[in-house]
Structure formats: C-alpha cells, structure tokens
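Please look over the sequence and the structure below. A short briefing follows, grouped by topic.

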Amino acid sequence: MQPGTALDGKVPVFAFPSSVDFYLGSQSTYKRVVTLYNPYEFAVRFKVYCTAPDKYIVVDPEGSIKPMCQIDLVFRHNALIPANCNVTDKFRIQLQDHATKQVIGKKDIPATLHPGVPDSKNDDRLSVSPSGEPSERLSSEIKLPSTQGFGAKDIQSPSSSRAGGSVHPIILLTGLVCIIGLLLPNEGEPNAVPFQISHYLKLVFSYVLGLVTMVIFRL
C-alpha cells in the first residue's frame, strides 16, 4: 500500500530546528543545518523550495531518505547585505511518495537575517564552519526552486515573540520522559527490563528531546 493512500496524502514532516537565523556580523552563522527525519517504515523523497531562491543556496535540495533514517540539509545565505536584515523568508520542505512522487507532506521553515551578532553562544549550535559540510554526503550546492503562490506574505520571526523566563515544569517533564524512553532497550532485544520500545518511538523521542533542548536554550 502506498503511504500517500494509507494516510490520505498527509504525513507529518519532522525537521529540526523549526526556524533558522542568520546574523550579518557573524560569519559562522552564514550556513545553517536543518535535520530532516524519516521515522516511517518506508522510504520517502524530499524537495526544498524557497520564497526567495536567489538569496539562498542549499546543499542537495532534493533526494531520498531511507526508512528510520535522517539527513542534514545545509542552507547558506547568499545575499548578506543590510537591506535584507529583519526580512523573514520561508523554506518549504516537501515529502513525496518514493514511487509516484506524489506530495504526502510539507513543512515550512522560517529564515531570517539579523543585523549584528547572536545574543549568546547557544545561537551558534546550528551553524556550519565556512569549510564544513556534512562529511557523510557528497554535496553539490544548487539554487533553490520557488513555488508559485507560496509564501506571498512574510511570517513573523519566532525570536521576536520570544520572552525570557524560567523553564516550565511541563517542558522539563517532557524532556525527562524522552530521556527515559531513549534509555529503554529496543524492541526484540533480550533484556531483563520488562518495557521495550520500537525504533520508531525512539526517533520520535529524539526529535521531541531536540525541540525541548532548543526551547530551554532560548529561554
């Protein structure tokens, strides 16, 4: 059965982080990494679009992801001038059925160029060094395609609505549950622990833990 048919053409797209920020005064942030996950039991194709394709270059904007695997997408800002600061563009990641190339899911990733430098060292955790590319991939830098009618309206940068404060107990509890889930043995492995979970759930726990970590760092 085709995954698009089984899920009525819609599957969730798991990508981390959910937004990317470039800084005009920090060369280490000119490239950003977004990890795209495939927690499903079937292979998928992906393709990246952008509302402003002339401003960005992406490493391998389309390809395939094997079941239960992930890849790193590297985005490079190609128009680093003050006039482009505080403008939010959008990347759209489409998942496609591997056989039919029918779109089965999509996710938008806001991208903003900020003036100056990041507020803290934590903002550099998703950057790539000027010579660094994911070592496991033979990469080629290709300009992004645009999608007609996509992203005609800018969306607000998440950083503009972020407020400082203490970590909510629910966030800490969610992170703790994810850590416990990742420590449990895999399904089918001989172990004295009565609870075992599948690789699929471990991928979901890993993704959620990454989101929780990003929220904690940004508070």
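Leaving aside its neighbours within four places in sequence, which residues is Asn38 in contact with? They are Ala43, Val44, Ile65, Lys66, Pro67, Met68, Cys69 and Leu203, where contact means heavy atoms within 4.5 Å. This is a predicted model, in which local features need pLDDT of at least 70, side-chain atom pairs count only at pLDDT 80 or more, and totals for chains, interfaces and linings use all residues. Residues are numbered from 1 along each chain as its sequence is written, and side-chain values use heavy atoms, with hydrogens and water left out.

**Overall build**

- The protein has 3 helices and 10 strands; these are DSSP runs numbered from the N terminus (helices H or I, at least four residues; strands E, at least two).
- From the N terminus on, the order of elements is α-β-β-β-β-β-β-β-β-β-β-α-α.
- Of the 219 residues in the protein, 42% are buried. Buried means under 20% relative accessible area, exposed over 50%, and partly exposed in between (1.4 Å probe, protein chains only).
- Among contacts between residues at least 6 apart in sequence, 72% join residues at least 24 apart.
- The protein exposes about 11,800 Å², and carbon and sulfur atoms supply 57% of that area. Accessible areas come from the Shrake-Rupley method with a 1.4 Å probe; for residues, only the protein chains shown count as cover.

**Asn38**

- Asn38 lies in strand 3 (residues 31–38).
- Asn38 is buried, at a relative accessible area of 1%.

**Helix 2**

- Helix 2 has 15 residues and reaches 21 Å from its first C-alpha to its last, close to the 21 Å expected at 1.5 Å a residue. The expected span is 1.5 Å times one less than the number of residues.
- Gly175, Cys178 and Gly181 are the buried residues of helix 2. They cover an arc of only 125 degrees around the axis, which puts them on the same side of helix 2. The arc is that of the directions from the helix axis to the C-beta atoms.
- Pro169, Leu173 and Leu183 are exposed on the face of helix 2 turned away from its buried side.
- Leu173 has a relative accessible area of 53%.
- Leu173, Leu176, Val177 and Ile180 make a nonpolar surface patch of about 360 Å². Patches are made of residues with over 30% relative accessible area and no salt bridge: like charges are joined within 9 Å, nonpolar side chains (Val, Leu, Ile, Met, Phe, Trp, Tyr) within 5 Å.

**Salt bridges**

- The count comes to 3 salt bridges, each a side-chain nitrogen of Lys or Arg within 4 Å of a carboxyl oxygen of Asp or Glu.
- Asp89 and Lys55 meet in a salt bridge (2.8 Å, N to O). Asp89 lies in strand 8 and Lys55 in the loop between strand 4 (44–50) and strand 5, so the pair ties together parts 34 residues apart in sequence.
- Asp108 and Arg92 also meet in a salt bridge (2.8 Å, N to O). Asp108 lies in strand 9 and Arg92 in strand 8, so this pair ties together parts 16 residues apart in sequence.
- Lys90, Arg92 and Asp108 are linked in a network of salt bridges.

**Backbone points**

- A cis peptide bond joins Phe16 and Pro17, with omega about 0 degrees.
- Asp60 has a positive phi, near 55 degrees, and is buried.
- Lys101 has a positive phi, near 65 degrees, and is exposed.
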